[in-house]
Amino acid sequence: HRSEEGESVLELPLPERISFIRSFLQKHCKHKSAAESLVSAQKLLEGEELALAKVAVLLLYHTSMSCKSPGDWNEFDYKTQVELASILKFVLDNEESLNENLEAFLQRKASLSSSSASSSSSEEHSPLLSLPYKREVRFLELQKIASSSSSGANNMLPGPPSSPMGDVMQTPQFQLRRLKKQLAVERENRDELEVELAENRKLITEKEAQITMMQQRIDRLALLNEKQAADQLEPKEMEELREKNESLMVRLHEALRQCQDLKTEKGQMDRKINQLSEENGDLSFKLREIASHLVQLQEALNELSEEHNAALAQSQEKQGQLESELRAALQDKKCSEEKIEILQGKISLLEDQLAKLGDCSAQEKGEVMGDILKLEELKQEVSSLAAKGAELQATVLRLEEEKHLREAALQSERSRFEEEKQQLGGLVASLQSSLSESHRARERLEQDLRMREAGEPQG
């Protein structure tokens, strides 16, 4: 982060830099035991790749927890973000068993990298950053959530996420872990303030003891002064005693003033510590309540996601059936229309022939009676085909309406799913706002402490 402390460390020899990194991880990371047992100073000095990879994983975890804007990760390309997100997700899923699983995880990643990387690129890039791109199931789930509000009715498959690291950092699991980390930092700061308050109380006690001793010395000098006055001492000795007494009185008044100031500051510190303790208590209660709510919401989201996926699969299957039925109905309708046109042509031809035979003899009319009966059958067949065509038209309309209704239902499901996701995000934002308020209160208290220390008298 280009801090002054970090820039100064770059000037140190390698062993001291490694010592600083290990101390940093033990101080700032939750996994203190992991930093002690997994990160070996000797292996880091020897440049062992696995040890360096472990340091990189822990620093990635700390950086992601300290990151205020997920968009900062967009400076990496998409494939690199996918790998970093998979590593971060592994640490979140294995917080309690990192010692046992991290080395196997990194070795598995390294073996996948070595089997897929070319001979030229394997010498130029770190195995941790050149791992082959692989979309995992959890990212596919995140993609569905992120793209559910923007997918069209005819595009059922979501596109790739805009930022895999941002998606992981927006999950309830990551947000809850970050909130717990911030709360732990607040508690450590409160403990440090209580230690400093105890030291100030000790200093006040020492000052009061010094005042008591000075008061006793003044009393003894006053008695001595009275005794010497009774013995009619020399004026010069009396003047020296008077000056010494005045000097002691000045020091006494100064000590009394310092003691009073310390008592006033002690009262202020006590009030601020109590206020901070109350805020931390409220924050702890809110955190437990929000954590419970987050678990419930996560379960609800998982169930909703499963329902949505099942409904999507069922809808796609039903959509295919409807389209098949619609195509078959349209084909039947087309065939019926063609048959009707052919039959109508035949009917017209027969009607023309019957009109020409209208003036023939009765015997000839009897001969063409068969054609007339044929004609009647054709008209009945045309009527039947027309009725069937009307029925097919109604079927087509019904299938199209059912298709539109199913698409509307899917859109409603997607809207409900997006609304649940937004509610969860609002809840996380509210808790982060509470943590920010507590953090500002702690900063104000630290500033007051620094001002007090700057103005504290020496000796």
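These questions and answers concern a predicted model.

Q: Why is Asp-270 called buried?
A: Its relative accessible area is 17%. The cut-off for buried is under 20%. Asp-270 at 17% falls under that cut-off, so the word applies.

Q: Where is Asp-270, and what does Asp-270 touch?
A: Asp-270 sits in helix α11, residues 235–356. Leaving aside residues up to four places away in sequence, Asp-270 touches Leu-197 and Arg-201. Contact here calls for heavy atoms within 4.5 Å.

Q: What makes Lys-54 buried or exposed?
A: The value for Lys-54 is 6% relative accessible area. Exposed would need over 50%, and buried needs under 20%. Lys-54 is therefore buried. This lysine belongs to helix α5.

Q: How far apart are Lys-54 and Val-39, in sequence and in space?
A: In sequence they are 15 residues apart. In space the C-alpha to C-alpha distance is 6.8 Å.

Q: What makes a set of residues a nonpolar core, and which residues have the most contacts inside the largest one?
A: The members must be buried, of the listed types such as Leu, Met and Trp, and joined through side-chain atoms within 4.5 Å. The largest such core has 30 residues. Trp-73, Leu-88, Leu-92, Leu-106 and Met-165 have the most contacts inside it.

Q: Which helices each supply at least two residues of this core?
A: They are α2 (14–28), α5 (49–66), α6 (78–93), α7 (98–116) and α9 (164–169). The largest share, 9 residues, comes from α5.

Q: Which residues does the second core include?
A: This separate core has 12 residues, among them Leu-179, Leu-183, Ala-291 and Leu-294.

Terms used: Residues numbered from 1 in each chain as written. Predicted model: local features only at pLDDT ≥ 70, side-chain atom pairs only at ≥ 80, totals over all residues. Heavy atoms only, no water. Buried < 20%, exposed > 50% of the residue type's maximum accessible area, 1.4 Å probe, protein only. Helix = DSSP H or I, 4+ residues; strand = E, 2+ residues; numbered from the N terminus.
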